[in-house]
Structures are given as C-alpha cells and as structure tokens.
Amino acid sequence: MIHSSTSNILSKAPGSSITRPFMPKPKSCRGLLLKKAAGVMALFAFLFFFTENVGALNGDDFSENCNEVVSVVTDRDIYIAGESMFFNSGIFHHKTQAQSKIMNLVLLDKNHQAIYETSGRLNNNSYASSIYIEDTLQTGFYQLVGFTNYLRNQPQECYGHKHVYIVNRFDKEISHIKQVREDTSTSIPTLDSGRVHNVLSHEYQKTNKEQTITIKPAKTVVDLREKMDVHIRVNDSTFKAGIYSVSVSPVHAFFQQNQPPDKTFAVEKSPQNKHNRKFLTETASVIFSGRVWDKALKQYKPNVSVVLTTPDTIASLMYTKTNQDGRFFFLLNDYYLGKEVFLSFRDFSNHDHSLDIQLDNRYENTAEYHPPRYDFRPQTRDYVLTSQEVIRAVKAYSIDLVDTITTDKWQNFAYKVYSTPDHTVIPSEYEPLDDFMEISRELLYPVRSRHQDEGYSIRLLNEREDFAYFDNPPAIFLDGLLLHKANQRVMDLNSPQIDRIETKNTRWAVGDLAFDGVVSIFLTDDEYRDYTYFLNGKNVQTTQLKPNTRLMQPKYNKQENPRHHKPDLRQLLYWSPGINGLSDDFEFSFYTSDLEGNYRITIKGMLPDGRVIEHHKDFIVKPAP
Amino acid sequence: MKNNLKILLTPVILFFLLTNNIEAEMPPDEHVFNEVYLPGEIFFPPQAYSGRQFLFDDWKKGDIITQSGKVYTNQLLKYNMLLDELFWLSPGVFNHIMLDRGFINKFTIDIDGGQPLTFQKIPVKNPITGADAMQFAQQLYKGDLELYVTHHKRISARSEVVRTGETVSHQRILQKTQSYYLKNTSGEIVQLRPSRRSFISSMGKDRERINELIMAKQLTIQNQQQLIQAVKEADQYLKSVSVNPDL
C-alpha cells in the first residue's frame, strides 16, 4: 500500500529531483550511478519527512497521535465539599506492545494547582475509585485529569479530562450559580437523550436513540427505598466496544446538555517524543525516576550508582545506575509503595558533594487549565443548598458510602541485604553501656570502632578468610537506611537507644555492589528521623496506589423491615464504573433512598476511536400516597 | 532498469516501514530494570581437595527463582556440590558470589542440547541430628509425586599426592554421593534407594496400591532411569485411581 502511495507522490511531483534518477541510464556510466544514489537518498529523506508529519496531517485521529487514550468519567458533575467523588478512568491502547497498568489522576483548581493526586492499578483497562472532597475546598470549577506515565511523553490531548463543579459546604452565596443566565430548557426531559462528541474536534453530534443506546427504567415514578430495575439496550454495534460507567443521581447534579466537551485546551499540542522517551511505560508497577545533577559541572551525570533504602526492621537495598541523560529508574514493588525511601550514592566521596538528586514529579501537568464558562440551571442553586444540608446530616450520622475493594498485591517483598546475620547482639540483655564504641568493644568482638582525627571508623573482622579486620569500612545500615560512614551521632548511640545490632562478617555483595561486611543497627524508636541530615541524598515518600472503591448500595425488604432506623441520605443511588464492552442488553437494579426528587440514569463511555458517548433517562422519586 | 529500481527502492521502503513503526515495535520497558538484587558472599571455595567441586566446571546460564517469587533469568551459575551452594557471576563487576541460600527457592541450569536441570530446596533430615536442613536437590520428576536427587561431594579419608612445581602435597579426595528423595501424595519427603522395596515403602498411604502396580507391571527398579520410570508410572496410576476409585 505504501509502495503505491509512494508512486503517486512521485508522479505528482513533476520536475522534482526525485524523479530524475529513474531516467534511463547509459551503460557503465559512473556519474549517473552517483546521481541515482543521490536521488534515492533524496527520496528517502522525502519519505521520512512525509511519514513523520502524517500524524500532524491527521490530527483528529487518536491512533495517530496517541498510543494510549484515557477517559475520565465521574458519577456527577456538581459536588459538595465533604462528600466523595466517584470516578472511572479507562484506557485504550493503540500500537504499544507495553501497556500501562498504572493510572494517575490529578484534581486541578482554577489556578492550576493540584488539589488531589492519586494513582491506582488498572483492572481490565479501568481504574475506578473515589476522591474524598475536603471540606476546605473553595467553590469553583475543578478539573480531574487522568494519564499514565507513558502518556507524559505524548500530547496532552491523549489525557482524560473531566470538569467538575465543587461547592464549599458553608458557601451559601454560590456566586457562580447566582449569576445564572436565563435558561429556557428548565423542564425535565422525559425522553432518552444522548450525544456523542469527538474529543479532539470539540464537536458534538446529537445521537438518535434508535441508532445508539436506549435506557428503559421499569417505572417513571418510584417510591422511597423501592427497588428500581433498569434495562439498557445497545442498538448500534459500534457502541458495544467501549468503556462505560453508569450512574443514577439527582438531575441537577449535572451540567446542562449544551456544554462544550470536557477537554478544553488552552495550550498547543505538546511535541511528540517518540524516539527519546523520558517516561517509561508502567507495565507492572510504579516507576520511581529522577536525575542526578552535577552542580560543579552543571550537567546531568551519567553512570552514577544511586541506592534506594527504606526504614524498616530489616536491611534492604535497591540500586541502579544513571543512564547517558543522567536519569535513573526504580521499578517499585508493593513493599516500597507509600513508604518513605532514602536515595543516596554508593560511591560517596567529597567530589560527590556536588551531586544532587532531582526527582520527577509523576503528577506534573504542564497544560494550563482554563475553567469553562458553563451555565447552570436555575434549579441548581436549590439543589446545591439542599445538598449542603444533606452532606451535613450525612456527616452527623457518620454515614460512609465508600467500600474499598481489596486486591492481591504485586510482588510485596523487600530486597533484603542478607537472610541471616552472622552475629546478633541485643544490648538490653546486658549491662547498659554509654556509647557504640563501648558496645562494640564489650559486646561485639567482630566490630572494631575507633576514634580518628578526621572522625570515626568502623571495621569488621573477616571471619571467612584470615581473621583480620577488613581494610575498608562496612555498609552501615541504621534502621534499614544506608549511611555512607560512621559519625558522631552513630557513635553516641547507647544501649537503651539500640534494639539490636546485626553483622555480616564476610565480603558481602548485593548484585554489583560489594561491601567489606555489613553492620545493621536497629533503634528502639523512630530516631532515624533525627538522623536524616547526615544521609547523603534525599528522602521522599513514594506513591501509594489507592485501591479501587465502589459505592455501598443497601437492599431493602419492605415486607420484613418497613422502616429502617437509620436514614438513607444517598444522593448517588447507583454507580457502576468500568464496564468494558456492553452486550446487547445490560440490566441492573438499585434501591432509592429517603431523598425524593428528580433523578437521572446516565451512561457515559469512551469508544476505542476516542469518541465519548453519553446517554441519560430521567425518573422521579417520591413517597407513595 | 525496472529491476534496478526495485532493488534500490526495497531497502528504502523497508527502512521507511521500520522507522514508522518504531513505537509499535518498541520492547517493553522492563529491559531498563535489569539490576539483579541477589545478595551473597564474595567467596572463592578452597582448592585443597582432589576432584571436582562443581557440577559443571564452566559457568552455565540459568534462572533463579527467589523465595519471594522474583525470577532472575539468564544468569551465569555454578552449583558447588561440596558446599551445597549456588555460585553466581555478577554481570557488572564479575564478582564470584556464593548466593545467600536463604533467598533461593529454585534455580535451573541450562545444559547443551538438553532440558535445563531444575534444582529446588527440599527439607532433608540430618542423619546425625535428625533435624531438617534445606538442601538443593535436582528435580527428576514432577507430578503429584516428585522425585529428587542430591548431588553431593564429601571429603573422603583417602588422599592422593599432588605435585605443583616443587611442592608436593597430599590432597583429600572428594567422593560423590547421590541420594534420592520422593515427595509422596501425603507431602512427605522420604529418602529412598533405587530398589522395589525402598520405592514401595516411600509411598506412605499408597504403598499397597503401588505394590499391586509393581506386581502387575513387573517393574524393575535398579538404577536412576528405572526409578524415574517407576515414579512416572505410579503417578499416572494414582491419578487414574483418584478419578475412578473402582480401579
């Protein structure tokens, strides 16, 4: 196919140098051969240029611009601070063999400040969880942005974006909603309505219910705490292959239908970085990355060993070397997630004082966020004021509607330095001693500690070879953290401060890192935190993967228990995220709460080609006469 | 002329196709994470004995599966039969590391033109103390029944004279010993010899059935191959019995 298109291009370029080399060639003519070679090179350059720009020509095609496409869907559009926002972030993979398994989400405010950052593991190409909206948030528009680590190399149009409006629980003014424009479509729609929009072209396309999806609730008016059955039919097979989420919540918890799509970009497309990726695909777990900066040479330093340790009652260690760009990467298993870790250099010397570790911020979002100018319905104000009271009551009753789904961990283990020590000493089993030097002299014969002019030295006895002390210092771990050398603070440790001391009295290696023995000192409390200043490197909290969550949904049986003593103040009646592919018929049921009003069944999804589909159907909840 | 054009265009088009699909062909990023966090002692075993200490003299490629389930593939390994320890040649600095056996669950050693040898740590009773000790044993058969053999060298009482230049020394001779272990359907690991009586008695609660099988099939068990075959037959028989108890 490409060959034929190439021929067409050539034929449409009369007089160009590209066609010249293909003229008849006189036999044994060297000059013409050279021209021919030059022509081939020109053709190659042209083809290369042409193919590199194909993506730009067909900018609306997701598969050209985005190797992964992310969508973000929330259960509602309007929230009250103090409640939980349920979301689903789905992903479609195009072209990539290595598929991302970790999703990042950031909630941005109008000043482009990250209010909330979270990450989670994709399950069946979806990450469905919830965010607790802090009471302190100001009223205004916010944007929930979903992206993978790999997508940080790609244009921001591939990210998933969702605008939400959050109202502070104590804000009774609600200035945005006060300035509501006149809206003629105030009546509650009773028919199916839906829309499909192309996210990149920012265009809506009204859908015909016969062609797309129909939502059929069993009733249009339902009693309080009554079971409601809903039947969704997919009429168009092209809409079956999508990632869908279904929610049932008050009608006024949504923006109006005629709003622009959620992806509003104020910046140009970020450049593609196909061949020099800075951010790797997280195919299994979180990748912790950064760079080593040489302050003296003012450049990123390659080939530096970076060591990662974490405070624990065992000594564990990971290490890596910086690449040509001075970058380093650690693939963290579940043991290292959500923990404080320390990064330092293995080959510590005075020269290395000039080295600085710069960590990547995995939630960094460069695209500027411009809040939309959405209109609200006149009823939205009343809805918000009521919801503020509902949330106040929910908090008073301590009603928790979020249920955490526990999943198996991925490789939950530490990279231990040794399995069993050669010697263990527990100072509390002996008479108290004043400092480490005394402890080593009296209780730890394989450890020799000395006070020298420049500081202190610790040497271990080589018990394997010649029963002489090693020439070089051992690896010293303090509560699992690697120290580059012994110092005053270590030497000042006395018996009550030390829980135990372990030693490994042989030449010990962890992979390519070799040490003249190992000394591990474990303290009785968290005193290592006071010692961080003498660790050469950085301490940082690693990303904690937030588990998937779901909405707790009660079941009522009016015959057996007509009145439950606890109020049911759910505004979100149903939430089913991450439905990967819809069959012809999709059925579900839920129970209404104690709150009457107009409710909306909404189905939102993203198709593999990037189109976003949204359908809804309204019904009324009111007490039976 | 047309042929020349085709010859010239083909590599160009191939290059064009390859460069355009670089993203699609890009391997997973795991290749970046090739550090091996295997701990162990930098150690050269003593050479004061006559005879081979290692199962193979050369480093062989193999995989290591740690107790936590982490798999390190294509590592250079040597198994020391005298010490019952696994040695690893670290790829970056070529340290000769005797791996911390506390972390190793299993390892494989590739052999030329054959199936890789699989070694697993199994609990073996110390004949003197009676306590269980974990030893590396080669897996000969794996099913509901499992058969293992340990390759050990012990320092014998005999010695031989070794002349190194002007120096003459007496070196103790290393003697190879092999022990077979069967993991029966009860999960017990029992030592056995390649004999019918030992084989039957190692079967625990299934010994009567296996006795019938051996009688019916007239199985001979006198060497390793026959022992493997017998375990295989017994395993298949016990599986068929569990499916159809009337057999």
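## Helix H4 of chain B

In this predicted model, helix H4 of chain B is followed by Gln218(B), a residue whose phi is positive, near 55°. Within H4(B), the buried residues are Ile210(B), Leu213(B) and Ile214(B). Around the axis they cover an arc of only 95°, which puts them on the same side of H4(B). An α-helix has 3.6 residues a turn, so residues three or four places apart point the same way.

The other side of H4(B) carries the exposed residues Glu208(B), Glu212(B), Met215(B) and Ala216(B). The cover over the buried residues of H4(B) includes H3 and H5 of chain B.

## Helix H5 of chain B

Helix H5 of chain B comprises the 20 residues 224-243. At 1.5 Å a residue, H5(B) should span 28 Å, and its end C-alpha atoms are 29 Å apart, which agrees.

Leu227(B), Ala230(B), Val231(B), Ala234(B) and Leu238(B) are the buried residues of this helix. Viewed down the axis of H5(B), they fall within an arc of 100°, so they line one face of the helix. On the other side, Gln225(B), Ser240(B) and Val243(B) are exposed. Among the elements that cover the buried residues of H5(B) are the strands S9, S10 (146-164) and S11, together with helices H3 (196-201) and H4 (207-217) of chain B.

## Domains of chain B

The domain assignment of chain B gives domain 1, made of 2-28 and 38-183, and domain 2, made of 192-247. Eight residues of domain 1 and twelve residues of domain 2 take part in the contact between these domains of chain B. On the side of domain 1 of chain B that touches domain 2 of chain B, strand S9 (132-142) and strand S11 (167-183) each supply at least two residues. By class, this side of domain 1 of chain B has six nonpolar residues, one polar residue and one charged residue.

## Overall composition of chain A

Chain A contains eight helices and 35 strands. Of its 625 residues, 41% are buried. Among contacts in chain A with a separation of 6 or more, 75% join residues 24 or more positions apart.

## Domains of chain A

Chain A is divided into four segments of assignment: domain 1 (2-52), domain 2 (65-177 + 191-267 + 365-407 + 572-621), domain 3 (287-359) and domain 4 (423-536). Taken over C-alpha atoms, the centres of domain 3 and domain 4 of chain A are separated by 23 Å.

In the contact between these two domains, 16 residues of domain 3 of chain A meet 15 residues of domain 4 of chain A. Strand S17 (305-309) and strand S20 (340-345) of chain A are the elements that give two or more residues to the domain 3 side. S20(A) gives the most to that side, with three residues. The residues on the side of domain 3 of chain A that touches domain 4 of chain A divide into nine nonpolar, five polar and two charged.

## The largest nonpolar core

In soluble globular proteins, nonpolar side chains tend to be buried together. The largest nonpolar core of this model has 176 residues, and those with the most contacts inside it are Ile166(A), Leu317(A) and Leu86(B). Strand S4 of chain A, residues 102-108, gives the most to this core, with six residues.

Leaving aside neighbours within four places in sequence, Leu317(A) is in contact with Val307(A), Thr309(A), Tyr415(A), Val417(A), Leu482(A) and Val510(A).

## Two loop residues of chain A

Arg225(A) lies in the loop between strand S12 (221-222) and strand S13 (227-234) of chain A. With 21 C-beta neighbours inside 10 Å, Arg225(A) counts as buried, because the threshold for burial is 20 or more. Apart from neighbours within four places in sequence, Arg225(A) is in contact with Tyr556(A), Asp568(A), Tyr591(A), Thr592(A) and Asp594(A). The C-alpha atoms of Arg225(A) and His353(A), 128 residues apart along the chain, are separated by 67 Å.

Lys546(A) is placed in the loop between strand S30 (537-541) and strand S31 (549-551) of chain A. Having 17 C-beta neighbours inside 10 Å, Lys546(A) counts as partly exposed. Not counting residues up to four places away in sequence, Lys546(A) touches Thr118(A), Ser119(A), Gly120(A) and Ser129(A). Between the C-alpha atoms of Lys546(A) and Gly480(A), 66 residues apart along the chain, the separation is 25 Å.

How values were computed
Residues are numbered from 1 along each chain as its sequence is written. Chains are lettered from A and ligands numbered from 1 in the order in which they are written. This is a predicted model: local features need pLDDT of at least 70, side-chain atom pairs count only at pLDDT 80 or more; totals for chains, interfaces and linings use all residues. Domain bounds come from an automatic or database domain assignment. Two residues are in contact if their C-beta atoms, placed from the backbone, lie within 7 Å. Helices (H or I, at least four residues) and strands (E, at least two) are DSSP runs, numbered from the N terminus. Ala, Val, Leu, Ile, Met, Phe, Trp, Tyr, Cys and Pro count as nonpolar, Asp, Glu, Lys and Arg as charged, and the others, Gly among them, as polar. A residue is buried if 20 or more other C-beta atoms lie within 10 Å of its own, exposed if 12 or fewer, and partly exposed in between; C-beta atoms are placed from the backbone. The expected span of a helix is 1.5 Å times one less than its number of residues. The arc is that of the directions from the helix axis to the C-beta atoms. A nonpolar core is a set of buried Ala, Val, Leu, Ile, Met, Phe, Trp, Tyr and Cys residues joined through C-beta atoms within 7 Å.
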